[in-house]
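Hi,

Here is the model I promised to pass on.

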Amino acid sequence: MWQIMSKGSTNSYLLVFALLSTLGITWLVFAGIRHKVTHEAGTLRLNLGAEPPSLDWAKATDATSFDVVSNIMVGLTAYTPNLSCAPACAGSWEISDKGRSYLFHIRPNVLWSDGKAVTAYDFEYAWRRLLDPKTAGPYAFFLYDVENAFEFNQGKLVDASKLGFKAIDARTFIVHLRRPAAYFLYLTAFSPTFPQRQDIIERYGDRWTEPGNLVSNGPFVLKQWQHEYKIELEQNPLYFGGTPLLKKIKMFMVPEQSTAFALYENNELDFIDNRSFPTSEVELYRKMNQHCPQYHETSLLRVNYLGFNVHKPPFDSIAVRKAISMAVDRQRLCRILRHGEKPISYLIPKPLLGFSPFDENLFNPAMARKFLASAGYPDGKNFPDVYLLYPHREDTRLLVEAIQDELKRNLNIHIDLVNQEWQVYLQTLRNNSPPIYRSAWGADYPDPETFMNLFTSHNGNNNTHWANSAYDQMVSKAACEINSATRAQLYKKADYFLCNQEVPIVPLNTAVQNVLIKPWVSGIELNALDLQFYSNVSVGD
Amino acid sequence: MFRLVVRRILLMLPLLWLIATATFLLMRLLPGGPFDAEKNLPPEIMANLKAKYHLDRPLLEQYGYYLQRLVKGDLGMSYKYLDRSVNDILSNAFPVSLVLGTVALILAISVGMPLGVVAATRRGTIVDALCMAVSTIGVSLPGFVMGALLIFVFGIWLKILPVALWESGWHIILPAITLACGPTAYIARLTRVSILQVFEMDWVRTARIKGQSYQQTIIKHVLRNALIPIVTVFGPLTAIIITGSFVVEYIYAIPGMGRFFVTAVSNRDYDLVVGTTLIFAVLLIVANTLVDIAYHMLDPRIQVDTL
Amino acid sequence: MNLESLNLVKRSSNATIYKMLKMPVTTLASGIIFLLCVIAILSLLGLPLTAYAYDQTSEQILCAPSLSHWMGTDELGRDLLTRIIYGSRLSISIGFLVALIAFLFGTAYGAIAGFAGGRVDTLLMRGIDLAYALPDLLVMILIGVVVGRGTKGILLALGLVSWMGTARLVRAQFLHLKHEEFIEAARAFGLEPWRIIVRHLLPNAIGPIIVSLTFIVPSAILAESTLSFIGLGLSPPACSWGTLASEGWRSLRTQPYLIFWPSLFIFVTVLSFNLLGDGLADALDPKIRK
C-alpha cells in the first residue's frame, strides 16, 4: 500500500515541516539570546519559600511571616546590624524603679502609610490584642513580664485597663513589669509588640492584612499579595527614617529548593538563603569560600531539636527520652547536614550567657540501651509504633532519615517518618502534638531567656506539653537576676535540668545561614537572629 | 444535532452531581480537617466553623446546604486564606492553567501530528522507528525528570529562557514544553496508527485506483479521517494535561489550579479541594461532550477503536 | 464445540508469539523486562545481590561511582545500586499489581457490561464516564491522603484510576464477539452465561486485553514516581525508583548520578513495556501486514 505513495510528495511535506521547525527554533534561540534574563535596578527579588501563614503580627509565629512584617513595620525600638536596640517609634525612653518601669516617648514624625501619626494608643491597643485570649496568639507569652499580663491572657483577669501598660497621652507610653527583666528592651524590637491600628482591624476584620487594607509604618508597604505566588512590597515615602533606596521588593514563594536555586543562577533572584540553597551546592560553595565573593555564611542563634509529646506513651517515661537522647550521634548528624552546623548537648547556643559546650561523651549507645531496657523495652522489643513528624522541606528530611537510622542501629527501634506541609505541620504541633517531632527555634532576641522560657508551662510554643514548676521557677529567677555571672549560672542549671534530667527535648545542632548575594546588590547584612532588613539595601545596574 | 447537544448537556448534570456528592463524602473522611473531632481548636474558631459549615446539623442537612451553595455557583470559603472565597482564588488561578494547558496542547498537536504522519507514511523504515522512539521517550520519562533536564539545558547551561515563575510570556515556554511531552507522544502514536488503519480501508484504495492524485487522497481522506481519533482522545488528552499540570506547576512555581489543588489537599483546605475538583471535572466533561459532538459532525460512520 | 474454540485460541497464540519473536525490538524489550523481573524476584526472596543492605548507612557520604560502590552512594552513605535493586521490587511489583487489579476489576466490569448489554450496559458505561471525569492524579492524591502513605494506599489509588481502559476494551470485544457463531451456538446449547464468558469469550478477547495491560504497568510506575515527587509516595527508608529519582532531583548538578541511575531504570523499564505493548499489538492485529 505505501509503495503507491510517490516519494516526491511525502518529501515535500517533510521539507516544509523541517523548514518551519528550523525557522521556529532559530527565532526562539535568537530572541532568547537577545532577551537576557537580568536584574532590574531598584528591585530586590528573593524567595520566601512558602506562603506566610499570617501577616497579622499578633498571630504570626514563623520566619516567613516575620520576614515580611520586619520590613513593613517598626516597633518602639529596632535592631541594629549588631543586634542592639536603636530608637525607632520611640525617640527616647527612661528606665526606672530598678528596671521595672519603662517610659517611652513616641516620636511625632512616625507615620502610618495612610498619613496618620503613630500614637501610644496604637501600642496600647496592639499589646492588649496580643494578650487577649480571644486572639489566641502563640506569642502572647512574650509580654508575660508585664504586670497582670499572664492573668489577663489566661482569662483570670477580664479588665484590660488593669494591665501594666498604658498610653498616658498620644506620645507617652509607660510599661510596668512585675519583675525586672534585662532583656525587655529587645522585646520591643520584635514583631509581636509592634503597634496596630484599631480602626483598620475593626473595619476589615479577618481581611485586614490584605493589600489595600493593611496600613503599616515601616520602610515598605504591602502592595500586592498573590497567594502562593508572590508578595510585592513598595517603598514607603512616609517612612520616618527616610525613603529606602529600593523601590520594590518581590518576595516569591517557591517551595522547591532546586527551582529556587536555578532561578538564582539564571539571574531571576538577587539573593537567596538556605530556603533556596540545596545542600550539595552549599557544600560546593563552602569549599570555594574565599574565591567566591557571592557566598556568605553566619552562624545563627537557632537550634534544631527533637521534641517529645510527654503525654503520649512511650514518651511519658523519662528513661525512654533519655535513651533516645543518648543514642543520637550529633556529630554524625552535622557531618551529614553539611552546612557548617555545630552539634550541641544543651539548649542555649553560643555565645549567649549560660552556654554549655558540647559534650561528646553524652553520646553513649550502651547506656542508652540500658535506659531503654529499664523502661521495659529491652533491645527495642515491644516498642510501640510511633511516628516522627517533620515539615516538608529538603534539609529536614535528611536530618530525620539520619535520626531514624541512628535509632534503628543503636536502639533497635523503628520509628515512622511522617511529613506535612509547613502550615499543616505548625497547626498539628499546636493542636495535636505528635509523639516525636523535629522542630527548630530561632532566638527572638539575643538573650538566653528566649530559649529557656520556650519550655515553661505557659508558653504558647511549648508543644511538648511538659510542664514543670521547678523549671519555671529556675527560669523565672534567672530572668530577673541582674548580675550576669549569677544569671549565667542560673540558666546553666536550668539548661542542665531540661536537657539532661527531664529531657522533654533532644537538642541536636545549631543552624547556619548560608546565602548567596548577586554582585549588583549591596547593603544586605546578616545577623545571628536571621532577621532580614532591606531598608538599607540597594540594587544597582 | 441540537437534540444531541441538549442530550449531552443533560447527561452532564447527573454526572456533576455524583462527583459533588463523592467529593462531599470524601471531605468528611479526610483526617485533620475542621471536621476531625480530634482537633482541639480554640473555641472562637470552632464556633466560626460550626456556623459556616452547619456542623451541628445532621449529615443530610449539611449535604443539603452544600448542594444549595454549589447550585448558586458559590464554591465556598477558603479555610486557609482567611475567608477569601474559593471563587476568588480560582478565578485568578484558572486563566493561568488555561493558558499553560492550551499552549501545551497546541504544541503537542503541531509536533505530534506531523511526527505521526511521517512515521505512518514511512512505515517500516528507520524514520518510522526514529519518530516512534522520540515519541515513546516522551512518555517514558517522569515529568519531573523532563522538567529538570529542560531547566538545566535552557536555563542554567544556555541561560536563554527563564526557568520558573510566571512573570512574562517567555515564562510559558519551558513549562509548556514539559507539559507537552506526554501528549505529543500520545498524539504521534495515535496519528500513526489511525492513518495506517485508514490506508487499509477499501475506499481509499478505490480512490487511488479511480485516479485521484496522491496528494488529494492524503489531504481529503486520510488526514480528515485521521482527525477523528485526535478528536476522540481530546477528552483523555485534557485529562493528561490537567494531571501533568500538577507536577509542572509545582516544579516551575506557577500559580495555577494544579498547584492550588496539591497545596489545598496538603492544607486540608476543603472548599478549595472541592472547588478545584469540580472545575477539573467540568472541564473534562465539557471536553468529552465537545468531542462527542465533533465526532458526530466529522463522520458518524467510521468506527475507530479506542487505544 | 469446546475443543474447537480451544484449538482456535491455541493456534492464534502460537502464531502471535512467533510473530513477536520475529521483531527484534520486541524481543529485546521482553528480554529486558524478564531480566528486571528476575532481579525483583531475587530481591523479594531476600537474596543478597550486592554486598550491602538497602538501609545500610555508612560514612562514605555522596561518593561518586567507584569500584566499591558501582553507582555511588547517597547522602546517608547508602549504596545506590543496592537501593535500586531494592527499589525494583517495589516499582515492578506495584506495576504488576496495579495491572492485576485493573485486569480483574476491569475485565469483570467490562465483561458484564458487554455481555449483558442493554440497560445494564448503559448504566455501567455511565459509571466509567464518572470514573473518567476525574483526573488521575487528583483521585490518587485524594485517596493517598485518606488512606495514608504506604503501599496499600498507593496500590488502591493507582488501581482505581487504571481499570477503565481495560473495562472499555473488554466491553468492546465482548460486544463484538457476542454475535459470533460459536457463541450463538453455545447459547443455543444452554450453557450458563458465566461459562460462556469465562471459557469462550475471554480467551478470544484476551489478546487486546493483554496489550492494554502491558501499557498499564509503565503508567503505574510513572504515576508512582510522580506521587513520590509531590511527597505522597512511600515513606523513608523504603525506596522505589520513584522516591530515589525524586530524592536525586535536588542534587542534579552536583551529584547527577543520584538522579541519573534511577531515572535510567525507570526509563528503560517503561520503554521496554511500551515497546512490548507495541509489538504485541502489531503481532495480534490481523489487519496490519508486516
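**Chain B, then the rest**

Going along the sequence, chain B reads α-α-α-α-α-α-α-α-α-α-α-α. That makes twelve helices and zero strands, where helices (H or I, at least four residues) and strands (E, at least two) are DSSP runs numbered from the N terminus.

Before going further, some housekeeping. This is a predicted model, in which local features need pLDDT of at least 70 and side-chain atom pairs count only at pLDDT 80 or more, while totals for chains, interfaces and linings use all residues. Residues are numbered from 1 along each chain as its sequence is written, and chains are lettered from A and ligands numbered from 1 in the order in which they are written.

Back to chain B. Of its 307 residues, 48% count as buried; here buried is 20 or more other C-beta atoms within 10 Å of a residue's own, exposed is 12 or fewer, and partly exposed is in between, with C-beta atoms placed from the backbone. Among the contacts in chain B with a separation of 6 or more, 74% are between residues 24 or more positions apart (a contact being two C-beta atoms, placed from the backbone, within 7 Å).

How confident is the predictor in chain B? The average pLDDT (the predictor's confidence in each residue, from 0 to 100) is 75 for chain B, and 73% of the residues score at least 70. Within chain B, helix 2 (residues 43-53) has the lowest confidence with a mean of 62, and helix 4 (residues 86-121) the highest at 86. Residues 302-307 of chain B stay under 50, and the model has nine contacts for them beyond four places in sequence. Where pLDDT is low, the predicted coordinates should not be read in detail.

**Where B meets C**

Chain B puts 33 residues in contact with 30 residues of chain C. Several helices of chain B give two or more residues to that side, including helix 1 (2-29), helix 7 (173-200) and helix 12 (270-298). Helix 10 of chain B gives the most, with six residues. By type, the chain B side has 26 nonpolar residues, six polar and one charged.

**Chain C and two of its helices**

Chain C comes to ten helices and zero strands. It has 290 residues, of which 49% count as buried. Residues 24 or more positions apart make up 69% of the chain C contacts with a separation of 6 or more.

Helix 3 of chain C (residues 80-116) has 37 residues and spans 52 Å from first C-alpha to last, close to the 54 Å expected at 1.5 Å a residue (the expected span is 1.5 Å times one less than the number of residues). Helix 3 of chain C bends by about 25° at C:Gly87, the bend being the angle between axes fitted to the seven residues ending there and the seven starting there. Since 27 of its 37 residues are buried, helix 3 of chain C is largely enclosed by the rest of the structure. Just after this helix, C:Gly117 takes a positive phi of about 70°.

Helix 6 of chain C (residues 151-177) has 27 residues and reaches 38 Å from its first C-alpha to its last, close to the 39 Å expected at 1.5 Å a residue. A kink of about 30° is centred on C:Ser162. Helix 6 of chain C is mostly covered, with 19 of its 27 residues buried.

**Chain A**

Chain A has a mean pLDDT of 87, and 94% of its residues reach 70 or more. Residues 1-8 of chain A stay under 50.

Strand 4 (residues 90-96) and strand 5 (residues 101-106) of chain A pair in the antiparallel sense over six bridges; pairing takes at least two bridges found by DSSP. A:Trp93 stands opposite A:Phe104 in strand 5. These two strands form a hairpin with four residues between them, and A:Asp97 in the turn has a positive phi of about 55°.

A:Gly49 sits in the loop between strand 1 (43-47) and helix 2 (63-72) of chain A. A:Gly49 is buried, with 24 other C-beta atoms within 10 Å. Leaving out residues up to four places away in sequence, A:Gly49 touches A:Thr64, A:Met253, A:Val254, A:Pro255, A:Arg275 and A:Ser276.

Cheers

Note on methods:
Ala, Val, Leu, Ile, Met, Phe, Trp, Tyr, Cys and Pro count as nonpolar, Asp, Glu, Lys and Arg as charged, and the others, Gly among them, as polar.
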